[in-house]
Amino acid sequence: MRNTRHGANRSSIFYNKVIGDFKPGYCYGTVKTHKPGNPLRPIIAQVSTPTYYVAKALNHFLSPYVPTGRTVSSAAEFIDLLRTAPPCQDIASLDAESLFTHVPVDETISYILDRLSLSDLPALNIQEYVLKSMLETCTKEAPFLSHRGELFKQVDGVAMGSPLGVLFANMYMAHVEEKVFQHHPPPGLYTRYIDDIFITTSNDEDTNSFMMALQNNSCLTFTNERSDQRRLPFLDLDITKHEVGFRTKVYTKATNVGRCLNARGECPTAYKRSVGAAYINRALTHCSSWIETHREFDSIRQLLRITDILIT
């Protein structure tokens, strides 16, 4: 099949036939312990559905077309960005409330098709109407069971648990950003990790103005967290603004009780050692001074002593 839009064709795309026994997905929730009232985060497990592996393939093919100029993929990448950030008076983080379930599916699919037509990357070797139909089927036609055994379909918004969830969320946010930056002056620094946005501005008025621009150009509601004495958590970083730049260290939420994998549990030794190695690597990458790095090392020693983790 050939793409009806212009651009070079990639090699042919093949899908395996959907063969086997399938059943609807199922809905469950995980507790947001850090939120007031401990609400549930709804997740729809779709591994058992016939569209799951098609959705995984679509996510693989379409991910290279997601705009990445305003995003970061990790805390380490964000730290590199902070090192070159321009001077500012205020730092803040914006959060899109319930992004996944508020993503407008039809609008996002239209944006995805436009991205494919305008991208410098080779075009997918698939007809546009076929791709559109597959995206609609994998998002709006995937049934799931509730905890009461009732059958539903999520006709709008995307589900956490779908292979296309993050792709659609990133695509829609990129679409919103394009509309906003056409008419609104950009902040001193703007970067996003899926639904979490970090900005630097001159004052609170500029922060509020930019947040309203995001809301007015989307169907989303945003919350705004301002810095407290020039200090702000973002991702798993504790960021402090100074006159000459930013200082960072590891951030842990107040609900973190300091538990991790136990060395006496039934788990491969390599996994147990990797726990300690991950904590040490995070301290080295996230802490901007040796004083904070050594403080984090002391916390790690205490944590690993409590949980009997062996890292030697």
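Reader: In which loop does Gln89 lie?
Author: Residues are numbered from 1 along each chain as its sequence is written, and side-chain values use heavy atoms, with hydrogens and water left out. This is a predicted model, in which local features need pLDDT of at least 70 and side-chain atom pairs count only at pLDDT 80 or more, while totals for chains, interfaces and linings use all residues. With helices (H or I, at least four residues) and strands (E, at least two) taken as DSSP runs numbered from the N terminus, Gln89 falls in the loop between helix 2 (75-83) and strand 3.

Reader: Does Gln89 count as buried or exposed?
Author: Buried means under 20% relative accessible area and exposed over 50%, with partly exposed in between (1.4 Å probe, protein chains only). Because its relative accessibility is 62%, Gln89 counts as exposed.

Reader: Which residues is Gln89 in contact with, leaving aside its neighbours within four places in sequence?
Author: Pro185 is 96 residues from Gln89 along the chain, and the C-alpha atoms of the two are separated by 17 Å. Where contact means heavy atoms within 4.5 Å, and with neighbours within four places in sequence left aside, the partners of Gln89 are Thr201, Ser202 and Lys241.

Reader: Which residues is Thr51 in contact with, leaving aside its neighbours within four places in sequence?
Author: Thr51 is found in the loop between strand 2 (40-45) and helix 1. Its relative accessibility is 12%, and therefore Thr51 counts as buried. Leaving aside neighbours within four places in sequence, Thr51 is in contact with Thr137, Cys138 and Ala142.

Reader: How far apart are the end C-alpha atoms of helix 6?
Author: Helix 6 is mostly covered, with 14 of its 19 residues buried. The expected span of a helix is 1.5 Å times one less than its number of residues, which means that the 19 residues of helix 6 should span 27 Å. That agrees with the separation of its end C-alpha atoms, 28 Å.

Reader: Which residues of helix 8 are buried?
Author: Helix 8 comprises residues 269-286, and because its 18 residues should span 26 Å, the 26 Å between its end C-alpha atoms agrees with expectation. Its buried residues are Lys272, Val275, Gly276, Tyr279, Ala283 and His286.

Reader: Among contacts between residues at least 6 apart in sequence, what percentage join residues at least 24 apart?
Author: The secondary structure of the protein comes to nine helices and 11 strands, and its C-alpha trace spans about 60 × 55 × 40 Å along the principal axes. Of the 312 residues in the protein, 42% are buried. Among contacts between residues at least 6 apart in sequence, the share that join residues at least 24 apart is 70%.
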